[in-house]
Amino acid sequence: EMVEGSPMYTLLPPDGIPSIRDPEFVTVAEAMAFMQPGEPVMGVVGKNGTAKCYSAWQLDGHEIVNDSIDGEAIAATW
């Protein structure tokens, strides 16, 4: 069945926004040296209570972080 409507435009090619594949982490004390209080982040907590935090300004440029937490693969998407 044909669906009528506006044409679809491709703005970016496939994989035009690269994901973060090997994220590097710092301690909270280290992050305090370059992050501002109240800076937005995305937090993830694994099934065993492991917590990870992804900076929103980095996610703005990548949109996806491929990572693992408590032994399980995750995709943190923005």
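Buried residues account for 18% of the 78 residues in the protein. The structure is a predicted model. The protein has a radius of gyration of 17 Å, whereas a compact globule of 78 residues would have one near 12 Å. Along the principal axes, the C-alpha atoms fill a box of roughly 55 × 30 × 20 Å. Of the contacts between residues at least 6 apart in sequence, 33% join residues at least 24 apart.

The secondary structure consists of two helices and four strands. Read from the N terminus, these elements follow the order α-β-β-α-β-β. Helix 1 covers residues 28-31, and strand 1 covers residues 41-45. Strand 2 spans 51-55 and helix 2 spans 56-62. Strand 3 comprises residues 64-69, and strand 4 comprises residues 72-77.

The largest nonpolar core contains six residues, namely Ile 20, Met 42, Tyr 54, Leu 59, Val 65 and Ala 76. One of these core residues is Leu 59. When neighbours within four places in sequence are set aside, Leu 59 is in contact with Met 42, Tyr 54, Val 65 and Trp 78.

The largest pocket has a volume of about 580 Å³. Its lining is formed by 25 residues, of which Val 26, Ala 31, Met 35, Cys 53 and Ser 55 are the closest to the pocket centre. At least two lining residues are supplied by each of helix 1, strand 2 and helix 2. Strand 2 gives the largest share of this lining, with five residues. Sorted by class, the lining of the largest pocket holds 17 nonpolar, five polar and three charged residues.

Val 41 is located in strand 1. With a relative accessible area of 38%, Val 41 is partly exposed, because this value falls between the 20% limit for buried residues and the 50% limit for exposed ones. Apart from neighbours within four places in sequence, Val 41 is in contact with Met 35, Cys 53, Tyr 54, Ser 55 and Ala 56. Among these partners, Met 35, Cys 53 and Ser 55 also belong to the residues closest to the centre of the largest pocket. The C-alpha atoms of Val 41 and Gly 5 are 38 Å apart in space, with a sequence separation of 36 residues.

Glu 24 is found in the segment before helix 1. Its relative accessibility is 77%, so Glu 24 counts as exposed. Glu 24 and Tyr 54 are separated by 30 residues in sequence and by 9.8 Å in space, from C-alpha to C-alpha. Tyr 54 is one of the residues of the largest nonpolar core.

Backbone geometry was examined in two loops. Most residues other than glycine have a negative phi. In Glu 63, phi is positive, near 70°. Glu 63 lies in the loop between helix 2 and strand 3, and is partly exposed at a relative accessible area of 34%. In Asp 70, phi is likewise positive, near 50°. Asp 70 is placed in the loop between strand 3 and strand 4.

Methods
Residues are numbered from 1 along each chain as its sequence is written. This is a predicted model: local features need pLDDT of at least 70, side-chain atom pairs count only at pLDDT 80 or more; totals for chains, interfaces and linings use all residues. Side-chain values use heavy atoms; hydrogens and water are left out. A nonpolar core is a set of buried Ala, Val, Leu, Ile, Met, Phe, Trp, Tyr and Cys residues joined through side-chain atoms within 4.5 Å. Buried means under 20% relative accessible area, exposed over 50%, partly exposed in between (1.4 Å probe, protein chains only). Contact means heavy atoms within 4.5 Å. On a 1 Å grid over the protein atoms alone, a cavity is a set of points where a 1.4 Å probe fits but cannot get out, and a pocket is an open set with protein on both sides within 12 Å along at least five of seven lines; lining residues have an atom within 4 Å of a point. Grid points are joined across faces, edges and corners, and a volume is the space filled by probe spheres set on the points. Ala, Val, Leu, Ile, Met, Phe, Trp, Tyr, Cys and Pro count as nonpolar, Asp, Glu, Lys and Arg as charged, and the others, Gly among them, as polar. The radius of gyration is taken over C-alpha atoms; the globule rule is 2.2 Å times the number of residues to the power 0.38.
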